[in-house]
Amino acid sequence: MTSYVIKDVAILDGKSTDIVVKDGVIAEIGKGLTADQTVDGSGCIALPGLVDLHTHLREPGREDAETVLSGSRAAAMGGFTAVHAMANTNPVADTAGVVEQVWRLGQEAGLVDVRPVGAVTMGLEGTALAELGAMADSAAAVRVFSDDGKCVHDAALMRRALEYVKAFDGVVAQHAQEPRLTEGAQMNEGVISGKLGLAGWPAVAEEAIIARDVLLAHHVGSRLHVCHLSTAGSVEIIRWAKSRGINVTAEVTPHHLYFTDDVVESYDPIFKVNPPLRTKADVEAVRAGLADGTINIVATDHAPHPSEDKDCEWTAAAFGMNGLESALSVVYETMVQTGLMNWAAVADRMSVAPAQIGRVSTQGQPIEVGSPANLVIFDPRASQEVDARKTVSASRNTPYAGRTLPGKVVATFYRGKPTVLNGELNA
Amino acid sequence: MKHLLSAADLSYEDAILVLDTAKQLAAATEQGVGKLPPLRGRTVVNLFYEDSTRTRISFEAAAKRLSADVINFSAKGSSVSKGESLKDTALTLEAMGADAVVIRHNSSGAPHRLANAGWISGGVVNAGDGTHEHPTQALLDAFTLRNHLRNGEGDLKGVNVTIVGDVLHSRVARSNVLLLNTLGAKVRLVAPPTLLPYGVEDWDCEVSYDLDASLEGSDAVMMLRVQRERMNAAYFPNAHEYSNRYGLNVTRMNRLSESAVVMHPGPMNRGMEISADVADSQRSVIVEQVANGVSVRMAVLYLILGGSESM
Amino acid sequence: MTHDFEPQGHVVLDSSDISRALTRLAHEIIERTQGASNLTLMGIPTRGASLATRLGDKISAIQGSPVSVGAIDITMYRDDLRSRPARALLPTTIPPEGIEDRLVILVDDVLFSGRTIRAALDALSEHGRPQLVQLAVLVDRGHRELPIRADYVGKNLPTSRSEKIQVNLVEHDGIDEVRIERES
């Protein structure tokens, strides 16, 4: 196996050093090191490979939007070395058979760890539990369960799910959306929805479910994960729950750190997403929550859609945004350049913490000799204008198209193998 | 003017120009001129995704009186989940050489997409989109108000307009609040709290839940259509209670000042938001609104298509 | 467009010249129409309409009976509609007598290419069929592009195409005068 030396790269203590990657692990760290191939890391920062807890790979069922392979490539380009593939495929990932298929496709692609997420309920229908134990015991070793896209809104069913997954150290990742309060909802309910005549998705529809779920988790002593939290009120509830010792973790997406709902005034469905883009006050609150650790992780909610599902009128368009390739740049711009977080915090929110929540033992490890060589080398001095036509994902629905984002992934190492080199996909 | 998508697109000068142009066109109609020549050789497409015979006929009459060729494209039902997408329809219209597309769509913002997505090069006129806007309705309302209250001249400075009913789902109310403000009028919205949009307190208008307290001082009362289905979604208990609290009946009408007028964008639910006596009373300008609709739409089409294409 | 021209230029008709020219036109019209009772003056807005009103006043004063005066906007009948963004429409006023079987005299300030008059004839035909249509202008500056001539001319002003004739009237410009301006 070819060995690589990354020269003069900054690691989290801020010092510039060389890192040698060999046989799948970090073999040496120090000055003046050599290897078969050299990667120039000067001016760059090395982070543990990013772990996404929330990715839609669309396979099986919507291979026109994304496949496990194309999504793995997009993930590698974004600096990820592990992704969690959401269960809302067709067929739904609610049996051991489907999760093993996705897991196997991930192995074949070989660019990131593809960790299937299992559905909480059969067919995501919210009425009967899926075979949670069978999925946990399968080759895919599922630990994260979610009906993402739909909310497990039946309180009794949610309680049972939270209890049941304790048997195999699983976690329920809730898509918090009270369904009756969001019938036909198109965007954040606020001044702008009123003006645009688009049905509103009120913050309370998210907050009410989160409040209920943290109380349920407390009652049954389970751990709970809250998907793509988007409102200031949600941050408050999580903060309160944690102060009470409730075992809850939460994620925020890059787009909820970046955009406010006024972009919807264009009626361009590229900005249509669920949960919707919120107000400036919400963006400030989720940034502060991520910085102080109330929100544990950044997860992309990468949701690829074919162009016909976005090149249409707003209400006809699909919800969702691509996110894998831009995530690190967006976090850099919104959290690091603003002074809210340092690189150590970025490593925690995007690698260490998501690996812990997902129970992915080989990911999110410190950059030290002997660790698995899952690494991303990021050049913060670069910047790039996002061109939707050049996405690696099979879909083009990036909301950052035409915008310039700071930084660039120069290299990604997955189990010692470069999946990205010189900013280009190496696969 | 390249498009008319929202009443907010109209500056004060634009709005006055549309009203003044409509006034001259209305005069021509009154003088018996059946057909005017300025849109000869222009093609106007009426692209209607919702049944709205009255609005379509109004636009059709307006375009034809200006000598445009008119193509009616009725996409009954919805293109949303089946059949041709709005984009493909737009590309077809572009290929057919449409100079302007008048669009009525059940999706808020569809006219904006049509105008800005790069699918077509012609002008776009919003003939009502979802629960968003209906700018030509606001223009015809302003035109009617100006005729009655300002002798057909100038703006509406100091005019008090009370808009009553289902503001939440009303594109007419949204466009009227914007345009009437532009023209200097004062707008008050009256509705049960359930039928007011979130954030309405930030709009440029007064808001009240009490119709009786809002009648005095109103120069015009505009009643909005309330769909009976709304009571099934718990916006109000039943039609009877709605009518009692928010309907305009003769007793309430008689409390209006002598010169005040009663308006309704139609189609009316007689007995629900407006009693038959009120609808047919001397104060009612509802039939006039319909006639003015043609003149105002002629003005909009003339201003969009009557000059050079490059703006 | 006025900024294309030098602001100076010279006055070719002053207030009293204009008044005299209109008086003469009034007399000529009465003479040529033999005091016809079905006379209607139709001015072409903006300044032609004001001139029609003035001419009507003079004719009424001379013959001692009122004369029917209206205005006909030609904007939508122009043959160069597409050369500029949509133009504002101007008022058309048809007198109560109408124009059917009337002796209609179109009134305008300047006769140049003749295209305005062609448009006016089209516009007029939408309102009825006059017995006879004639044309009165304050200034004829030549350079016709259509087979049209005026029946009554206040002043013939030979010009070059590069010159501009500016008619100012009290009703619109605060002063009565006709200027020739040379393109800079």
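**Domains and interfaces**

Tutor: An unreviewed UniProt entry lists "domain: Phosphoribosyltransferase" for residues 15-158 of chain C. Over residues 15-158 of chain C, the chain is 33% helix and 22% strand, with the end C-alpha atoms 20 Å apart. The model itself is predicted.

Student: What makes domain 1 and domain 2 of chain A separate domains?

Tutor: The domain assignment of chain A gives domain 1 as 4-45 + 372-425 and domain 2 as 49-357. The bounds come from an automatic or database assignment, so they rest on that source. The C-alpha centres of domain 1 of chain A and domain 2 of chain A lie 25 Å apart. The contact takes 34 residues from domain 1 of chain A and 44 residues from domain 2 of chain A.

Student: How much area do domain 1 of chain A and domain 2 of chain A bury between them?

Tutor: Domain 1 of chain A and domain 2 of chain A bury about 3100 Å², with 62% of it on carbon and sulfur atoms.

Student: Why is the pair A:Asp113 and A:Arg415 called a salt bridge?

Tutor: The N to O distance between the side chains of A:Asp113 and A:Arg415 is 2.8 Å. The rule asks for a side-chain nitrogen of Lys or Arg within 4 Å of a carboxyl oxygen of Asp or Glu, so the pair qualifies. Across the interface of domain 1 of chain A and domain 2 of chain A, the rule finds one salt bridge. It also finds 21 residue pairs in polar contact there, both residues being at pLDDT 80 or more.

Student: Which strands of chain A each supply at least two residues of the side of domain 1 that touches domain 2?

Tutor: They are β16 (375-385), β17 (404-414), β18 (417-421) and β19 (424-425) of chain A. The largest share of that side, nine residues, comes from β17(A). By class, the side of domain 1 of chain A that touches domain 2 of chain A has 17 nonpolar, eleven polar and six charged residues.

Student: How is chain B divided by the domain assignment?

Tutor: Chain B has domain 1 (7-134 + 291-305) and domain 2 (135-289). Their centres, taken over C-alpha atoms, are separated by 25 Å. Domain 1 of chain B gives 33 residues to the contact, and domain 2 of chain B gives 32 residues. Between them, domain 1 of chain B and domain 2 of chain B bury about 2500 Å², 61% of it on carbon and sulfur atoms. In domain 1 of chain B, B:Leu19, B:His134 and B:Asn292 lose the most area to domain 2 of chain B, together 26% of what that side buries.

Student: What makes B:Glu50 and B:Arg171 a salt bridge?

Tutor: Their side chains meet at 3.0 Å, N to O. Across the interface of domain 1 of chain B and domain 2 of chain B, the rule finds three salt bridges.

Student: How many salt bridges does the rule find across the interface of chain C and chain B?

Tutor: The rule finds zero salt bridges there, while five residue pairs are in polar contact between chain C and chain B, both residues at pLDDT 80 or more. The side of chain C that touches chain B divides into ten nonpolar, five polar and four charged residues.

Key
Residues numbered from 1 in each chain as written. Chains lettered and ligands numbered in written order. Predicted model: local features only at pLDDT ≥ 70, side-chain atom pairs only at ≥ 80, totals over all residues. Heavy atoms only, no water. Contact = heavy atoms within 4.5 Å. Buried area = accessible area lost by both parts, 1.4 Å probe. Polar contact = N/O pair within 3.5 Å; in protein donor to acceptor, adjacent residues only side chain to side chain. Helix = DSSP H or I, 4+ residues; strand = E, 2+ residues; numbered from the N terminus. Nonpolar A, V, L, I, M, F, W, Y, C, P; charged D, E, K, R; others polar. UniProt positions renumbered as here; feature names shortened; annotations may be inferred.
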